[in-house]
Amino acid sequence: MKNIYLYSMFILISFPTDLFAQSSKDKDNYTYQVREEKGDLNNDRKMDKITVKMDTVDKTRPLRLQIFLSQPNGKLNLDVSSTKIIEPQYPAEKQGEFNGYQIPDFFIEKGILQMWSEIKSGNITYDFKYNDGNFELINVKKLTNNATKGYTDENTIFTETEFNLVTGIRTETDEISGSDKALKVRKKRVLIRPLPKIQDFKFSDKELY
């Protein structure tokens with residue numbers, strides 16, 4: 001009887017502890033807001049909102065993008081939530097080191113959601129447009145340079161890439177700062193169908209464009 005009593009007490013004590021551990025694990029720790037932008041994203045003439053929040057508990061400092069669309073009653077409804085689109089500040093694969101890039105900026109212009117990010121030797125801008133219930137990637141602009149010494153000079157070659165995913169036309173233009181004439185222009189057609197959706201987009205996809 002004594003053993004049965006002790007076993008029963010162990011279950012009673014352990015169960016709440018396990019339950020608490022599970023609830024703590026599932027708790028939303030994206031509490032620190034680093035970005036907010038408002039504007040009409042779905043052409044209904046109502047203000048929508050995007051936010052970027054950081055998980056302050058996870059040591060990798062992951063970030064979450066959320067898109068809220070206005071409803072007829074005036075309230076905002078969560079439409080998209082993604083933790084894949086922005087690289088954590090301290091990625092696990094870097095063993096605790098900073099990733100080297102600032103947190104992306106977001107803008108809403110003429111119904112287009114723009115995401116501006118730093119990349120190696122430059123920056124990249126993604127344009128997402130609301131279509132048939134989804135935010136689709138419709139255009140990518142990228143600017144890089146071939147500097148190897150940590151700074152640019154009169155001999156640095158800048159490459160501007162524009163990829164219109166709707167038409168499939170991808171154009172690369174090489175030029176030197178201050179010159180009115182391009183050194184080289186390269187064009188090709190790359191069709192991506194269906195168009196990438198923002199909820200499926202990953203920060204590592206920058207290598208695709």
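Strands, like helices, are taken here as DSSP runs numbered from the N terminus, a strand being E over at least two residues and a helix H or I over at least four. The structure is a predicted model, in which local features need pLDDT of at least 70 and side-chain atom pairs count only at pLDDT 80 or more, while totals for chains, interfaces and linings use all residues. Residues are numbered from 1 along each chain as its sequence is written, and side-chain values use heavy atoms, with hydrogens and water left out.

The protein chain has a mean pLDDT (the predictor's confidence in each residue, from 0 to 100) of 88, and 87% of its residues reach 70 or more. Over residues 1–26, however, the pLDDT is below 50, and beyond near neighbours in sequence this stretch has one contact (heavy atoms within 4.5 Å) in the model. Where pLDDT is low, the predicted coordinates should not be read in detail.

Strand S6, residues 112–119, holds Ser-117, which is buried (under 20% relative accessible area, against over 50% for exposed and in between for partly exposed, with a 1.4 Å probe and protein chains only) at 9%. Leaving aside residues up to four places away in sequence, Ser-117 touches Pro-104, Asn-123, Ile-124 and Tyr-126.

In the loop between S6 and strand S7 (122–131) lies Ser-121, whose phi is positive, near 60 degrees, although the residue is not a glycine; Ser-121 counts as partly exposed because its relative accessibility is 32%. Asp-132, in the loop between S7 and strand S8 (134–145), likewise has a positive phi, of about 50 degrees, and at 73% relative accessibility Asp-132 counts as exposed.
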